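Please look over the sequence and the structure before reading on.

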Amino acid sequence: MATAYGVSGLFLLLSLCLICNGQNTNYIIGAGIADITGPAAEVDMMGYANPAQTSKGIHLRQYSRAFIITDSANKSRIVFVSTDSCMQSQGLKLEIIKRLKSKYGDLYNERNVAISGTHTHSGPGGFHQYLLYDITSLGFVNETFVPLVEGIVASIDKAHNSMKPGNLYVNTGELLESNINRSPTAYLNNPAEERAKYKYNVDKNMTVLRLTDAQNNGIGMINWFAVHCTSMNNTNHLISSDNKGLAAQMFEADMNKGAFPGKGKFVAAFAQSNEGDVSPNTKGPHCMDTGKPCDVPTSTCNGRNELCVSPGPGKDMYDSTRIIAKNQYQKAKILYNDPSNMKLEGPVDFRHTYVDMSNVMVQINQTTKVKTCKPAMGFSFAAGTTDGPGAFNFTQGDTTDNPFWDFVRDFLKKPSPEQLACQHPKPILLDTGEMTVPYAWSPSIVDLQIFRIGQLAIISVPAEFSTMSGRRTRDSITATLKAAGFPANTVTVIAGLTNDYADYVTTYEEYQIQRYEGASTIYGPHTLEAFIQEFNKLADALAKGTPAPKGPTPPNLLDKQLTFLPPVVFDHAPFGKSFGDVVVDADAQYKQGSSVKVTFIGANPRNNVKLEGTFLSVEMLQPDNNWKVVFTDSQWETKFEWKHTSLLLGESEVTITWDIPQTQAPGTYRIQYFGDAKSLDQKISSFTGKSTDFKVMTPKEYIKHKHGMPKSVNRILKKNWQSLYKNKYRKSMSIVNKKH
């Protein structure tokens with residue numbers, strides 16, 4: 001303990017305990033936020049598995065939001081982290097824990113740290129240790145992995161250093177018009193009596209945890225709401241934290257007046273829950289060619305899945321992202337400020353174990369036992385979803401083999417008869433659990449974890465649980481906790497995509513339909529029952545105060561990773577040009593609500609991800625003639641776009657867009673671009689580009705300038721100009737006459 005904290009750290013903890021004991025506070029709380037944005041060029045985005053969807057700039061930066069909570073006596077603590085990333089990976093957590101232990105000893109470890117992904121599909125990939133998830137990113141991408149590790153650790157450091165006595169409050173409310181079920185036919189296969197218990201086929205409840213200091217000032221907020229971060233579709237090439245990341249920025253902007261994203265003290269996390277079959281694209285699936293509804297069971301249009309897409313509520317993906325974000329933000333604010341919030345009281349505790357999910361014997365009833373399977377992906381996995389369709393001739397709901405794809409599958413690895421029988425009725429497309437070359441394709445050993453904060457239990461699941469899977473898990477764990485002594489008003493939440501990634505989890509009944517989610521339930525038809533069984537063991541140990549088994553040790557495959565992503569070879573400015581030169585400049589004037597676009601001679605953004613920095617700034621001239629930064633690349637109002645103009649010559653351009661808010665203060669502005677270029681000898685040099693100054697005006701002022709001055713003013717100016725011209729002409733002629 002002394003080596004982890006040092007003398008000053010121990011003094012701080014002692015002071016906190018004394019303060020906490022002298023005030024009406026139940027916990028010691030810290031919150032921190034840090035940048036985790038990876039390479040903004042040439043890296044495949046994680047989520048849609050579309051090799052053509054590579055990063056080409058930034059719309060919203062990605063952040064890690066960390067919260068540390070310990071009891072008032074500082075005996076036990078937990079760390080919950082929500083990251084603007086597609087999910088978490090086992091190798092990522094192992095590396096983060098390694099770095100935390102080097103700083104803090106065993107204070108933070110794999111048992112009491114939970115790292116959850118919001119599931120944005122617009123962040124750079126390549127950060128997994130299992131091969132399947134890195135194939136479309138051309139293998140492991142260290143340029144993505146390192147910012148994630150460093151940013152997550154930095155957010156935990158900030159939370160650790162900001163800890164103070166405080167209180168926690170929880171509240172739950174219903175949020176409508178923000179999510180739909182994208183696999184309704186699978187949901188309908190659940191028992192009718194079970195479905196009758198619920199009003200909707202997706203969870204509409206949002207649970208909010210409010211964190212305050214001893215004076216009731218806000219420290220932070222965490223909410224859990226089930227909805228995919230797929231408002232930005234698979235045609236997007238700009239890094240984005242999608243609807244949950246934008247909602248977090250909206251909330252933080254309210255609480256941190258005047259602060260840039262990621263720079264304020266108040267931290268708001270919009271964390272993920274059981275979103276497996278839940279889409280934000282609320283218009284529902286329609287055929288792109290006809291506009292008619294898709295075929296419901298297969299999500300196809302004339303037999304083609306590529307044409308069946310579910311659009312969002314807005315006019316485009318940006319508008320849809322904004323709408324779903326605003327809905328979540330507004331509901332979270334209502335629940336956060338609700339005076340009826342339940343105050344949490346009681347211990348802080350946790351239980352964690354590793355489980356080999358490929359080999360779990362599940363007791364279904366008193367007479368029946370079943371077993372999970374080695375991981376495998378079904379045919380409908382390749383069909384994609386209505387949020388992002390797949391390709392070729394795959395369709396959702398496919399339970400039959402295809403000779404051609406069977407041949408392709410068998411070339412990679414022919415499934416054993418036992419595997420085929422175990423995964424039935426799933427037709428296996430990729431037998432990932434039996435594929436080990438060059439290293440494991442899918443995880444077998446995964447993290448399971450439950451946190452307790454008084455009456456709140458956080459169930460950290462390492463996968464995407466469907467709506468009904470999440471409900472069954474919550475109900476079962478809640479019953480176990482209460483039966484073993486938890487209070488009657490216990491609240492349980494599912495924290496999805498946490499600590500690890502093991503694809504999807506559907507109910508047994510949903511699995512039979514083999515929609516995308518069922519085809520991606522990798523451990524077979526009894527996956528959910530196995531998870532519930534193992535989580536109940538943790539819940540029982542948590543409630544009774546008994547230890548949980550550590551379980552088998554997961555592999556660390558980071559030293560085995562392969563990458564085929566070419567590095568940046570060099571950057572070059574066109575002949576007669578320099579890096580940062582303006583290609584297309586700003587106009588002289590703009591009105592509020594319009595857009596400014598400036599294009600520069602650029603360099604590859606992979607040369608420097610600018611963690612905690614920015615590729616751009618929008619600046620306003622101040623009365624003292626200094627420039628003040630008013631926007632960066634972290635904000636909704638800006639876009640940073642990069643493209644190669646000559647791959648062979650290493651030439652590229654950057655376009656910076658600023659969507660001027662309707663309320664932007666009139667004045668003089670400019671846009672700056674901050675780049676880094678790699679020379680042939682591999683040296684990286686920084687440079688800056690700058691637009692000309694331009695005016696932002698109110699619409700009335702802009703119209704006045706655009707259409708000229710009033711006629712009376714024009715007549716006066718014309719008369720003065722003519723008089724001036726005549727005088728100058730007379731003087732010139734006088735000089736000429738004298739010379740001659």
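## Cavities

A search of the whole structure finds 4 cavities of 30 Å³ or more, where a cavity is a set of points, on a 1 Å grid over the protein atoms alone, at which a 1.4 Å probe fits but cannot get out, and where volume is the space filled by probe spheres set on the points, which are joined across faces, edges and corners. The model is predicted, so that local features need pLDDT of at least 70 and side-chain atom pairs count only at pLDDT 80 or more, while totals for chains, interfaces and linings use all residues. Residues are numbered from 1 along each chain as its sequence is written, and side-chain values use heavy atoms, with hydrogens and water left out.

The largest cavity holds about 60 Å³ of space, and its lining (residues with an atom within 4 Å of a point) includes Ile 36, Met 46, Cys 86, Phe 127 and Leu 148. Both β7 (123-124) and α3 (142-161) supply at least two residues each to this lining; helices (H or I, at least four residues) and strands (E, at least two) are DSSP runs, numbered from the N terminus. By class the lining has 6 nonpolar, 6 polar and no charged residues, with Ala, Val, Leu, Ile, Met, Phe, Trp, Tyr, Cys and Pro counted as nonpolar, Asp, Glu, Lys and Arg as charged, and the others, Gly among them, as polar.

The second largest cavity has a volume of about 40 Å³, and among the residues that line it are Asp 277, Glu 510, Arg 515 and Glu 517. Two or more residues of this lining come from each of α4 (184-187) and α12 (516-519), and by class the lining has 2 nonpolar, 4 polar and 4 charged residues.

## Confidence

The mean pLDDT (the predictor's confidence in each residue, from 0 to 100) is 93, and 93% of the residues reach 70 or more. Over residues 1-21 the pLDDT stays under 50, and the model has 26 contacts (heavy atoms within 4.5 Å) beyond four places in sequence for this stretch.

## Disulfides

The model has 3 disulfides, each a pair of cysteine sulfur atoms within 2.5 Å. One of them joins Cys 287 to Cys 301, at an S to S distance of 2.1 Å. The torsion about this S-S bond is about -100°, so the disulfide is left-handed. Cys 287 lies in strand β14 (residues 286-287) and Cys 301 in the loop between β14 and β15 (308-309), so the pair ties together parts that are 14 residues apart in sequence.

Key. 1 Å grid on protein atoms, 1.4 Å probe; cavity = no way out; pocket = protein on both sides within 12 Å on 5 of 7 lines; lining within 4 Å.
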